[in-house]
Amino acid sequence: MILAGSGIGSNIAECALRFGFENLTIVDGDRVEFSNLNRQNYTYEDVSTYKT
């Protein structure tokens, strides 16, 4: 599965794990921004850290 620029990758990764996927490879060189918090699984403490 490849997601590019969708903004929902963290949600899909969580769902995949809940469905039983055991091996995921996630590649994202972006950092968490305040604008990500309303739609992705991050908190204020994650802001400015790498997403993966």
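Colleague: In this predicted model, where does Lys51 lie, and is Lys51 buried or exposed?

Modeller: Lys51 is found in the segment after helix H1, the helix that spans 9-18. Because buried means under 20% relative accessible area, Lys51 counts as buried, its relative accessible area being 16%.

Colleague: Which residues is Lys51 in contact with, leaving aside its neighbours within four places in sequence?

Modeller: Contact here requires heavy atoms within 4.5 Å. With those sequence neighbours left out, the residues in contact with Lys51 are Asp28, Asp30, Arg31, Val32, Asn36, Gln40 and Tyr42.

Colleague: What is the phi of Ser48, and is Ser48 buried or partly exposed?

Modeller: Ser48, in the segment after H1, is not a glycine, and yet its phi is positive, at about 80°.

Colleague: Which residues form the nonpolar patch on the surface, and what accessible area do they have together?

Modeller: One of its members, Phe21, lies in the segment after H1 and is partly exposed, at 48% relative accessible area. The patch is formed by Leu17, Phe19, Phe21, Leu24 and Ile26, and their accessible area together is about 560 Å².

Colleague: How far is the backbone nitrogen of Thr43 from a polar atom of the side chain of Asp46?

Modeller: Asp46 belongs to the segment after H1 and is partly exposed, at 26% relative accessibility. Twelve residues separate Asp46 from Phe34 in sequence, while their C-alpha atoms are 9.2 Å apart in space. As for Thr43, its backbone nitrogen and a polar atom of the Asp46 side chain are separated by 2.9 Å.

Key
Residues numbered from 1 in each chain as written. Predicted model: local features only at pLDDT ≥ 70, side-chain atom pairs only at ≥ 80, totals over all residues. Heavy atoms only, no water. Helix = DSSP H or I, 4+ residues; strand = E, 2+ residues; numbered from the N terminus. Buried < 20%, exposed > 50% of the residue type's maximum accessible area, 1.4 Å probe, protein only. Patch = residues over 30% accessible without salt bridge, like charges linked within 9 Å, V, L, I, M, F, W, Y side chains within 5 Å. Areas by Shrake-Rupley, 256 points an atom, 1.4 Å probe, with all protein chains shown as cover. Salt bridge = Lys/Arg side-chain N within 4 Å of Asp/Glu carboxyl O. Polar contact = N/O pair within 3.5 Å; in protein donor to acceptor, adjacent residues only side chain to side chain.
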